Amino acid sequence: MAPIDYLCLILVPLMLSTGQFLFKKTSEALVVNSLPRFMGSLLATPLFWAALFIYGAATLLWMFVLSRVPLSRAMPFVALTFVIVPIISTVFLGERLSFMYWIGLLAIVVGVVVTVEGPISR
């Protein structure tokens with residue numbers, strides 16, 4: 001894979017994770033006592049639109065990646081969202097992760113490296 005492919009493969013989970021963070025921040029500002037009020041407050045929240053824009057851009061970037069990289073090579077990188085989101089949650093939302101959770105995140109990173117660096121059978 002070319003360096004641009006690796007860059008894009010890292011950017012996609014970063015963008016998806018940013019979108020998740022913005023969805024969480026959006027959810028904290030919503031009125032949730034009824035569905036119509038919930039939808040109205042959701043649609044009036046700029047962070048929601050920012051999250052949708054980032055998700056859309058990530059989707060377009062993902063399509064670019066898939067035009068250049070085999071799906072079996074690209075897909076493990078999406079698992080990095082399961083690493084990035086908890087780190088963002090810890091840093092920006094004050095959420096606490098247990099030691100075992102950190103071990104699990106490390107296992108995900110190791111799994112991505114192993115699957116990406118291994119040969120592809122055809």
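Helix 3 and helix 4 are roughly antiparallel to each other in this predicted model, because the angle at which they pack is about 150° and angles over 145 degrees count as roughly antiparallel. The axes of helix 3 and helix 4, the latter covering residues 71-78, are 10 Å apart.

**Helix 3 with helix 4**

- On the side of helix 3, the contact is made by W62, V65 and L66, while helix 4 contributes L71, A74, M75 and V78.
- Sorted by class, the residues in the contact of helix 3 with helix 4 are seven nonpolar ones, with no polar and no charged residues.

**Helix 1 with helix 3**

- Two packed helices are described by the angle between their axes and by the distance between the axes.
- For helix 1, which runs over residues 3-28, and helix 3, which runs over residues 46-66, the angle is about 160° and the axes are 8 Å apart.
- The crossing in which helix 1 passes helix 3 is left-handed.
- By class, the contact of helix 1 with helix 3 has 21 nonpolar residues, together with four polar residues and one charged residue.

**The chain as a whole**

- The protein chain has six helices and zero strands, and reading along the sequence gives the pattern α-α-α-α-α-α.
- Along its principal axes, the C-alpha trace of the protein chain spans about 55 × 35 × 20 Å.
- The protein chain has 122 residues, of which 33% count as buried.
- Among the contacts in the protein chain with a separation of 6 or more, 72% are accounted for by residues 24 or more positions apart.
- The accessible surface of the protein chain comes to about 7700 Å², and carbon and sulfur atoms hold 74% of that surface.

**L22 in helix 1**

- L22 has its place in helix 1, and at 11% relative accessibility this residue counts as buried, because the cut-off for buried is under 20% relative accessible area.
- When its neighbours within four places in sequence are left aside, L22 is in contact with L47, A50, A51 and I54.
- L22 and L52 are 30 residues apart along the chain, and their C-alpha atoms are separated by 9.1 Å.

**A58 in helix 3**

- A58 lies in helix 3 and is buried, with a relative accessible area of 2%.
- Not counting residues up to four places away in sequence, A58 touches V12, M15 and L16.
- A58 and S98 are 40 residues apart in sequence, and the distance between them in space, C-alpha to C-alpha, is 30 Å.

**S41 in helix 2**

- S41 is found in helix 2, which covers residues 35-43.
- The relative accessible area of S41 is 14%, and this residue is therefore buried, given that buried means under 20%.
- Apart from its neighbours within four places in sequence, S41 is in contact with L30 and V31.

Methods
Residues are numbered from 1 along each chain as its sequence is written. This is a predicted model: local features need pLDDT of at least 70, side-chain atom pairs count only at pLDDT 80 or more; totals for chains, interfaces and linings use all residues. Side-chain values use heavy atoms; hydrogens and water are left out. Axes are lines fitted to C-alpha atoms, for helices over the stretch in contact, and angles run from 0 to 180 degrees between N-to-C directions. Helices (H or I, at least four residues) and strands (E, at least two) are DSSP runs, numbered from the N terminus. A crossing is left-handed if the near helix is turned anticlockwise from the far one by less than a right angle, and right-handed if clockwise. Ala, Val, Leu, Ile, Met, Phe, Trp, Tyr, Cys and Pro count as nonpolar, Asp, Glu, Lys and Arg as charged, and the others, Gly among them, as polar. Buried means under 20% relative accessible area, exposed over 50%, partly exposed in between (1.4 Å probe, protein chains only). Contact means heavy atoms within 4.5 Å. Accessible areas come from the Shrake-Rupley method with a 1.4 Å probe; for residues, only the protein chains shown count as cover. Angles under 35 degrees count as roughly parallel, over 145 as roughly antiparallel, 65 to 115 as roughly perpendicular and the rest as oblique.
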